[in-house]
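Let us walk through this structure step by step. Keep the sequence beside the 3D view as you read.

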Amino acid sequence: MQQTQVACDACGAQLVPNAAYCERCGARTRRARRLVRLAIRVELLFFLAFVGLVIAFIWIYSVQR
Ligand SMILES: [Zn+2]
């Protein structure tokens, strides 16, 4: 597994364990960036599923008429 980040990538300050942001400069930690990417991916997936559903409903409606 990936090692826990102990210092900030931007300023080198020591980080609180499992911190999302650096307390000195406010930069996101690697763990937080990974979580944000994951959240964006999940959000995108939900959005695409919703768009697909809408398209499917429009298609079914136009076919049945
Ligand atoms: Zn920092």
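Start with N18, which counts as exposed at 52% relative accessibility. Exposed means over 50% relative accessible area, buried under 20%, and partly exposed in between, with a 1.4 Å probe and protein chains only. N18 sits in the segment before helix 1. Helices here are DSSP runs of H or I with at least four residues, numbered from the N terminus. The phi angle of N18 is near 60°, a positive value in a residue other than glycine.

A word on the source: this is a predicted model, where local features need pLDDT of at least 70, side-chain atom pairs count only at pLDDT 80 or more, and totals for chains, interfaces and linings use all residues. Residues are numbered from 1 along each chain as its sequence is written, and side-chain values use heavy atoms, without hydrogens and water.

Now find the zinc ion. Its protein donors are the SG atoms of C8, C11, C22 and C25, lying 2.2 to 2.3 Å from the ion. Donors are N, O and S atoms within 2.8 Å of the metal (3.2 Å for Na, K and Ca). The site is tetrahedral, with angles of 105 to 113° among the four donor atoms. For four donors, that label requires all angles to lie between 85 and 135 degrees. In sequence, the donor residues follow the spacing C-x2-C-x10-C-x2-C. C8 and C25 both lie in the segment before helix 1 (30–64), so the pair ties together parts that are 17 residues apart in sequence. C8 is buried, at 8% relative accessible area. C25 is partly exposed, at 40%.

Last, look at F46 in helix 1. F46 is exposed, with a relative accessible area of 60%.

Notes
Four donors count as tetrahedral if all angles lie between 85 and 135 degrees; four count as square planar and six as octahedral if opposite donors are over 155 degrees apart and all others between 65 and 115; anything else is irregular. Helices (H or I, at least four residues) and strands (E, at least two) are DSSP runs, numbered from the N terminus.
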